[in-house]
Amino acid sequence: MAGGLVKYRHLSRNSAHRQALLRNLVTSLIQHESIRTTWPKAKEAQRAAEKLITLAKRNNETSRRKAMGEVFTPHDILPKLFGELRVRYLNRPGGYTRVLRTEPKSTYDQGDSAILELVDGPRDMRFAITAAAVARDAHLGRPSSELTLRNRDKVTRYRVNGRAAFDEMVRRVDALQLSGRKFEPGSMKPFKRNSSGSEALEVDGE
């Protein structure tokens, strides 16, 4: 791990392979706004993504030339980086990404896994989880905890129309809870592979 005499994680790769790996991860992050990888790779890609967004906020020719060398397919990535993402994080002083620990990706690979995501975006997991917690507390008629309220302030502080967007998410989650649809233990069946090759959960009545 990084720290002490080690300035960064080598990720068991030589310099060229490591740089190519990070460029690939950062490119996928900018494109999809949320990726899942191992914990060490997520932490190193987070450092690269933070620097890249800082370059985008400068929005000059020098920063554009530097950003072109940090991502693959710059003709697809730079318009979003210097457009949508620059506007989103213009007033945020830092902390444009978040790393969330997750369960290992498979039974046979028990390495530390994590989700690397862009904050204040459509795939902000903490924003959705906090809204779900507030909706559940309101549904049960109890006040939200201090931690939930602190998370609500964090996820809405720099988001454009943050409080209105948060209230809308709470209403959406509350509508799901009040829909009358509940998952009973016997209603869940094993995963069924559909025609596209992905796995979907089959539920009775569908």
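I call a residue buried under 20% relative accessible area, exposed over 50% and partly exposed in between, with a 1.4 Å probe and protein chains only.

**Entry 1: ground rules.** I am working on a predicted model, where local features need pLDDT of at least 70, side-chain atom pairs count only at pLDDT 80 or more, and totals for chains, interfaces and linings use all residues. Residues are numbered from 1 along each chain as its sequence is written, and side-chain values use heavy atoms, with hydrogens and water left out.

**Entry 2: Glu50.** I looked up Glu50 and found it in helix H2; helices here are DSSP runs of H or I with at least four residues, strands are runs of E with at least two, and both are numbered from the N terminus. Is Glu50 buried or exposed? Its relative accessible area is 18%, so I count Glu50 as buried. Setting aside residues up to four places away in sequence, I see Glu50 touching Gly95, Tyr96 and Thr97, where contact means heavy atoms within 4.5 Å. From C-alpha to C-alpha, Glu50 and Thr97 are 7.0 Å apart, though 47 residues separate them in sequence.

**Entry 3: Thr27.** Next I went to helix H1, where Thr27 lies. Thr27 has 6% relative accessibility, so it is buried too. Which residues does Thr27 contact, leaving aside neighbours within four places in sequence? I noted Val71, Phe72, Thr73 and Ile77.

**Entry 4: the largest pocket.** A pocket is an open set of points on a 1 Å grid over the protein atoms alone, where a 1.4 Å probe fits, with protein on both sides within 12 Å along at least five of seven lines; lining residues have an atom within 4 Å of a point. The largest pocket holds about 370 Å³, a volume filled by probe spheres set on the points. I counted 13 lining residues, with Gln19, Leu22, Ala48, Lys51 and Glu70 nearest the centre. Helices H1 (15–32) and H2 (39–58) each supply at least two of the lining residues, and H2 gives the most, with 6.

**Entry 5: helix H6.** In H6 (residues 146–156) I found Thr148, Asn151, Val155 and Thr156 buried. Seen down the axis of H6, these fall within an arc of 120°, so they line one face of the helix; the arc is that of the directions from the helix axis to the C-beta atoms.

**Entry 6: whole protein.** I finished with the overall tally: 7 helices and 5 strands, with buried residues making up 35% of the 206.
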